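Here is a short briefing for a reader meeting this structure for the first time. Start with the sequence and the fold, then go through the points by topic.

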Amino acid sequence: MSGARCRTLYPFSGERHGQGLRFAAGELITLLQVPDGGWWEGEKEDGLRGWFPASYVQLLEKPGMVPPPLGEESQIVVLPPGWQSYLSPQGRRYYVNTTTNETTWERPSSSPGIPASPGPHRSSLPPTVNGYHVAGTPAHPPETAHMSVRKSTGDSQNLGSSSPSKKQSKENTITINCVTFPHPDTMLEQQLLKPTEWSYCDYFWADKKDPQGNGTVAGFELLLQKQLKGKQMQKEMSEFIRERIKIEEEYAKNLAKLSQNSLAAQEEGSLGEAWAQVKKSLADEAEVHLKFSAKLHSEVEKPLMNFRENFKKDMKKCDHHIADLRKQLVSRYAAVEKARKALTERQRDLEMKTQQLEIKLSNKTEEDIKKARRKSTQAGDDLMRCVDLYNQAQSKWFEEMVTTTLELERLEVERVEMIRQHLCQYTQLRHETDMFNQSTVEPVDQLLRKVDPAKDRELWVREHKTGNIRPVDMEI
């Protein structure tokens, strides 16, 4: 059909399409490409080229007994009796049995014994769902091209671009929970946002089966669970330090109590002095452990408890925000599907009216056809509007997902670093405590080395002697 001419029925601005052809009503256009899907490429008499809706123009050639295009058949094949060939408003050839009113896209065979159509029904055109035949073959190229998750919001190509040059096959995308992703078979590897590291923002877009296999968990939900688990671990570490503090306080209390014990208080000499220093060292050690417990509380336990005090509340707010965006995205997707279904119905209605007029099965006027075309065009515009809104919602969700996942990643790094620093502080306090404990023992060591049993005996004898008269033998 390339090279045929048509006349425009309505003005078309082409402003919403990067390669749209602008024209007024009544202009002549030479067709260059007539693919399925309702968009044709043509050239005006002034040499301008571009794409435009097929429903905005009327072919100047009257349909009927159209010979096959070049390359389809090597020679003209005579159709079986009662069959005629026509062109649809989209430029697609179909066949009509003038006796039975049966229609089919497939050319009827004239060979004996081969049925003229796939089956005895009024129309052999398979039903379509969202622009696709039930059998899986596209009924027409989709009016929309789905946005990749990795695409930046400033990309001029979006889901609402209907120009054939910007179309992307629906088979190249996959929809998961109303979010459009590139199909793995057509795009095995996407460009990472942070290719040099294993970042949260690159690996949590899809869902994951839970360990029990009973359902799936959203990738973002996994990140939230990770954050909440980290907060719980931080809390448990703080409780662990608190138990350590209690042990230190109880230990210091018992040491202080033991240092006041009067046992062996009557020991004398250098050994008595060493024993007294042993008990004094217990009091000094008790004071060291009390200071250690106080520093543990102020420098380790309290910071762990107070770090991100409102963390759980902030996570819930973040979760609600992302959930609200997902709800909006689901709503936009439902609107797209509804508009897509409406467009399919309008196109089917337009095609049926055109067929009825062409095969003279009704008295429909050209005005009825124009009205059906306007409704079909309006349905297409509604679909593009819904698709634009969907793209906007998905872009906003994408931006918030990236921003939020990077923030969660930053918070996790900050949490780990904070805990590391305070555990280092804990070990430092332990070293200091051990050094102070050692210092309390050193005086005891010094006194024990000075213990002299002979000197102690001399001192004791001098202090407690009763006399140096020894008994003598009795005489007879």
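Two strands pair if DSSP finds at least two bridges between them. Helices (H or I, at least four residues) and strands (E, at least two) are DSSP runs, numbered from the N terminus. By that rule, strand E1 (residues 5-8) and strand E2 (residues 28-33) pair in the antiparallel sense over three bridges.

This is a predicted model: local features need pLDDT of at least 70, side-chain atom pairs count only at pLDDT 80 or more, and totals for chains, interfaces and linings use all residues. Residues are numbered from 1 along each chain as its sequence is written, and side-chain values use heavy atoms, with hydrogens and water left out.

**Overall**
- The protein has five helices and 14 strands.
- Of its 476 residues, 37% count as buried (under 20% relative accessible area; exposed is over 50%, partly exposed in between; 1.4 Å probe, protein chains only).
- The accessible surface is about 28,800 Å², and carbon and sulfur atoms hold 53% of that (Shrake-Rupley method, 1.4 Å probe; for residues, only the protein chains shown count as cover).
- Among contacts with a separation of 6 or more, 62% join residues 24 or more positions apart (contact means heavy atoms within 4.5 Å).

**Strands**
- Five strands make an open sheet in the order E4-E3-E2-E1-E5, with antiparallel pairing.
- Its edge strands are E4 (49-53) and E5 (57-59), each pairing on one side only.
- On average, neighbouring strands of this sheet are turned by 45° against each other, direction ignored.
- Within the sheet's E1-E2 pair, Cys6 has Ile29 of E2 as its bridge partner.
- Strands E11 (residues 173-176) and E12 (residues 179-182) also pair in the antiparallel sense, over four bridges.
- Thr175 stands opposite Thr180 in E12.
- E11 and E12 form a hairpin with two residues between them, and Asn177 in the turn has a positive phi of about 50°.

**Helices**
- Helix H2 (residues 269-306) packs with helix H4 (residues 366-449) at an angle of about 170°, their axes 9 Å apart (axes are lines fitted to C-alpha atoms, for helices over the stretch in contact; angles run from 0 to 180 degrees between N-to-C directions).
- H2 and H4 are therefore roughly antiparallel (over 145 degrees; under 35 is roughly parallel, 65 to 115 roughly perpendicular, the rest oblique).

**A loop residue**
- Ala264 lies in the loop between helix H1 (219-259) and H2.
- Ala264 is not a glycine, yet has a positive phi of about 60°.
- Its relative accessibility is 45%, so Ala264 counts as partly exposed.
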